[in-house]
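Work through the exercises below with the model open. Each task is followed by a stepwise solution.

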Amino acid sequence: MSRSQLKCTSLVALGAALLLGVATPAAAQQQVSREQEITALRLGQKVLVDDGSCPNGQIKEVTGSTLSANGVMATRKCIQRVRR
């Protein structure tokens, strides 16, 4: 294998690893019982909070919505609870 082919293969492998690392956390949505259990909310991350503050059949969704000087700001809304 030539040096350029090896470099290209390494870049493709690195890109695939990065893509898997970014895509995997988004697929699994975290659920906690109290909002205080959310320790490090990332931009775009969604966490379900089952604290009883939403009406029957709904659950609170906390989303890392905007980046400020103090960190990621969270928005909260009640969404339909998905039955599994």
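Strands are DSSP runs of E with at least two residues, and helices are runs of H or I with at least four residues, both numbered from the N terminus. Two strands pair if DSSP finds at least two bridges between them.

The model is predicted: local features need pLDDT of at least 70, side-chain atom pairs count only at pLDDT 80 or more, and totals for chains, interfaces and linings use all residues. Residues are numbered from 1 along each chain as its sequence is written, and side-chain values use heavy atoms, with hydrogens and water left out.

**Exercise 1. Elements**

Task: list the elements of the protein chain in order from the N terminus.

Solution. 
- Step 1: count. The protein chain has one helix and four strands.
- Step 2: order them. The run is α-β-β-β-β.

**Exercise 2. Sheet**

Task: derive the strand order of the open sheet.

Solution. 
- Step 1: take S1 (residues 30–32) and S2 (residues 46–49). Three bridges join them, and they run parallel. Gln31 has Leu48 in S2 as its bridge partner.
- Step 2: move to S3 (residues 58–68). Four bridges join S2 to S3, antiparallel. Here Lys46 has Thr63 as its bridge partner.
- Step 3: S3 and S4 run antiparallel and are joined by 10 bridges. Leu67 stands opposite Val72 in S4.
- Step 4: assemble. The order is S1-S2-S3-S4, an open sheet of four strands with mixed pairing. S1 and S4 (71–80) are the edge strands, each pairing on one side only. From one strand to the next, the twist averages 30°. Axes for such angles are lines fitted to C-alpha atoms, for helices over the stretch in contact; angles run from 0 to 180 degrees between N-to-C directions.

**Exercise 3. Core**

Task: which residues make up the largest nonpolar core?

Solution. 
- Step 1: Buried means under 20% relative accessible area, exposed over 50%, partly exposed in between (1.4 Å probe, protein chains only). A nonpolar core is a set of buried Ala, Val, Leu, Ile, Met, Phe, Trp, Tyr and Cys residues joined through side-chain atoms within 4.5 Å.
- Step 2: read off the set. The six residues are Val32, Ile38, Leu41, Val47, Val49 and Val62.
- Step 3: inspect Val47. Contact means heavy atoms within 4.5 Å. Leaving aside neighbours within four places in sequence, Val47 contacts Gln30, Val32, Ile38, Leu41, Lys60, Glu61 and Val62.
- Step 4: Of the 84 residues of the protein chain, 17% count as buried.
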